[in-house]
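Student: I'd like to learn how to read a structure like this one. Could you walk me through it, feature by feature?
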Amino acid sequence: MANSAGSKKRARQAVVRRSRNVSLRSMVRTSIKKVQTGIDANSYDDAQAALVNAMPYIDKMVNKGILHKNKAARTKSRLNAAVLALKA
(Lines give C-alpha, C1' and ligand atoms only; values in the text may rest on other atoms or scores of the structure.)
Protein backbone atom coordinates (compact mmCIF):
# COMPACT_ATOMS: atom_id res chain seq x y z
CA MET A 1 0.00 0.00 0.00
CA ALA A 2 1.24 3.45 -0.90
CA ASN A 3 2.15 5.63 2.07
CA SER A 4 3.79 8.80 0.82
CA ALA A 5 2.03 11.32 -1.39
CA GLY A 6 4.38 10.56 -4.27
CA SER A 7 3.76 6.83 -4.13
CA LYS A 8 -0.01 7.40 -3.94
CA LYS A 9 0.19 9.52 -7.08
CA ARG A 10 2.28 6.88 -8.82
CA ALA A 11 -0.32 4.25 -7.91
CA ARG A 12 -3.08 6.43 -9.40
CA GLN A 13 -1.04 6.99 -12.56
CA ALA A 14 -0.37 3.27 -12.88
CA VAL A 15 -4.08 2.49 -12.85
CA VAL A 16 -4.80 4.99 -15.63
CA ARG A 17 -1.86 3.88 -17.75
CA ARG A 18 -2.65 0.20 -17.28
CA SER A 19 -6.22 0.69 -18.48
CA ARG A 20 -5.02 2.69 -21.49
CA ASN A 21 -2.43 0.05 -22.37
CA VAL A 22 -5.00 -2.74 -22.08
CA SER A 23 -7.33 -0.86 -24.41
CA LEU A 24 -4.63 -0.18 -27.00
CA ARG A 25 -3.30 -3.74 -26.84
CA SER A 26 -6.83 -5.05 -27.36
CA MET A 27 -7.27 -2.78 -30.38
CA VAL A 28 -4.11 -4.15 -31.98
CA ARG A 29 -5.09 -7.75 -31.29
CA THR A 30 -8.50 -7.14 -32.84
CA SER A 31 -6.94 -5.68 -35.99
CA ILE A 32 -4.61 -8.68 -36.25
CA LYS A 33 -7.56 -11.05 -35.82
CA LYS A 34 -9.38 -9.30 -38.68
CA VAL A 35 -6.43 -10.05 -40.94
CA GLN A 36 -6.46 -13.68 -39.77
CA THR A 37 -10.18 -13.89 -40.48
CA GLY A 38 -9.60 -12.71 -44.04
CA ILE A 39 -6.78 -15.23 -44.45
CA ASP A 40 -8.90 -18.08 -43.07
CA ALA A 41 -11.72 -17.15 -45.45
CA ASN A 42 -9.26 -17.26 -48.40
CA SER A 43 -10.29 -13.72 -49.31
CA TYR A 44 -7.25 -11.86 -50.56
CA ASP A 45 -9.03 -8.51 -50.87
CA ASP A 46 -10.43 -8.60 -47.32
CA ALA A 47 -7.15 -9.78 -45.84
CA GLN A 48 -5.16 -7.14 -47.73
CA ALA A 49 -7.52 -4.35 -46.63
CA ALA A 50 -7.36 -5.53 -43.02
CA LEU A 51 -3.56 -5.74 -43.21
CA VAL A 52 -3.30 -2.17 -44.52
CA ASN A 53 -5.43 -1.03 -41.57
CA ALA A 54 -3.49 -3.10 -39.02
CA MET A 55 0.03 -1.97 -39.96
CA PRO A 56 -0.22 1.58 -38.55
CA TYR A 57 -1.74 0.29 -35.31
CA ILE A 58 1.13 -2.14 -34.83
CA ASP A 59 3.69 0.61 -35.49
CA LYS A 60 1.98 2.99 -33.06
CA MET A 61 2.09 0.38 -30.30
CA VAL A 62 5.85 0.06 -30.79
CA ASN A 63 6.26 3.82 -30.40
CA LYS A 64 4.15 3.77 -27.23
CA GLY A 65 6.17 0.89 -25.78
CA ILE A 66 3.29 -1.58 -25.70
CA LEU A 67 4.83 -3.96 -28.24
CA HIS A 68 8.49 -4.77 -28.69
CA LYS A 69 9.83 -3.68 -32.06
CA ASN A 70 10.98 -7.17 -33.02
CA LYS A 71 7.63 -8.71 -32.13
CA ALA A 72 5.88 -6.09 -34.23
CA ALA A 73 8.21 -6.69 -37.17
CA ARG A 74 7.74 -10.45 -36.87
CA THR A 75 3.96 -10.12 -36.70
CA LYS A 76 3.80 -7.81 -39.71
CA SER A 77 6.10 -10.08 -41.70
CA ARG A 78 4.09 -13.21 -40.96
CA LEU A 79 0.77 -11.54 -41.73
CA ASN A 80 2.12 -10.11 -44.97
CA ALA A 81 3.53 -13.48 -46.03
CA ALA A 82 0.20 -15.17 -45.32
CA VAL A 83 -1.72 -12.57 -47.31
CA LEU A 84 0.69 -12.81 -50.24
CA ALA A 85 0.35 -16.61 -50.16
CA LEU A 86 -3.38 -16.15 -50.82
CA LYS A 87 -2.61 -14.19 -53.96
CA ALA A 88 -0.29 -16.86 -55.36
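Student: Let's start with a loop. Where does Asn-42 lie?

Tutor: Before we look, keep in mind that this is a predicted model. Asn-42 sits in the loop between helix 1 and helix 2.

Student: Is Asn-42 buried or exposed?

Tutor: Asn-42 is exposed, because its relative accessible area is 61% and the cut-off for exposed is over 50%.

Student: Which residues of helix 1 are buried?

Tutor: They are Leu-24, Val-28, Ser-31, Val-35, Gly-38 and Ile-39. Their cover includes helix 2 (44-63) and helix 3 (69-87).

Student: Let's take Ser-31 from that list. Why does Ser-31 count as buried?

Tutor: Look at its relative accessibility: Ser-31 counts as buried because it comes out at 8%, and buried means under 20%. Setting aside residues up to four places away in sequence, Ser-31 touches Ala-54 and Tyr-57.

Student: And Tyr-57, which helix does it lie in?

Tutor: Tyr-57 belongs to helix 2. At 31% relative accessibility it counts as partly exposed. Beyond its neighbours within four places in sequence, Tyr-57 is in contact with Met-27, Val-28 and Ser-31.

Student: How do I read the way two helices pack? At what angle do the axes of helix 1 and helix 2 cross?

Tutor: Check how close the axes come, then the angle. For helix 1 and helix 2, the axes come within 9 Å and cross at roughly 155°. That angle makes helix 1 roughly antiparallel to helix 2, and the crossing is left-handed. Residues of helix 1 that meet helix 2 include Leu-24, Met-27 and Lys-34, while the helix 2 side includes Ala-50, Ile-58 and Met-61.

Student: What about helix 1 and helix 3: at what angle do their axes cross?

Tutor: Those axes come within 10 Å and cross at roughly 20°. That makes helix 1 roughly parallel to helix 3. Helix 1 passes helix 3 in a left-handed crossing. On the helix 1 side, the contact is made by Ile-32, Val-35, Gln-36, Gly-38 and Ile-39; on the helix 3 side, by Thr-75, Leu-79, Ala-82, Val-83 and Leu-86.

Student: Which residues make up the largest nonpolar core?

Tutor: It has eight residues: Val-35, Ile-39, Ala-47, Ala-50, Leu-51, Ala-54, Leu-79 and Val-83.

Student: Let me zoom in on one member. What is Ala-47 in contact with?

Tutor: Apart from its neighbours within four places in sequence, Ala-47 is in contact with Val-35, Gly-38, Ile-39, Val-83 and Leu-86. Another core, of seven residues, lies apart from the largest one, and among its members are Val-28, Met-61, Leu-67 and Ala-72.

Terms used. Residues are numbered from 1 along each chain as its sequence is written. This is a predicted model: local features need pLDDT of at least 70, side-chain atom pairs count only at pLDDT 80 or more; totals for chains, interfaces and linings use all residues. Side-chain values use heavy atoms; hydrogens and water are left out. Buried means under 20% relative accessible area, exposed over 50%, partly exposed in between (1.4 Å probe, protein chains only). Helices (H or I, at least four residues) and strands (E, at least two) are DSSP runs, numbered from the N terminus. Contact means heavy atoms within 4.5 Å. A nonpolar core is a set of buried Ala, Val, Leu, Ile, Met, Phe, Trp, Tyr and Cys residues joined through side-chain atoms within 4.5 Å. Axes are lines fitted to C-alpha atoms, for helices over the stretch in contact, and angles run from 0 to 180 degrees between N-to-C directions. Angles under 35 degrees count as roughly parallel, over 145 as roughly antiparallel, 65 to 115 as roughly perpendicular and the rest as oblique. A crossing is left-handed if the near helix is turned anticlockwise from the far one by less than a right angle, and right-handed if clockwise.
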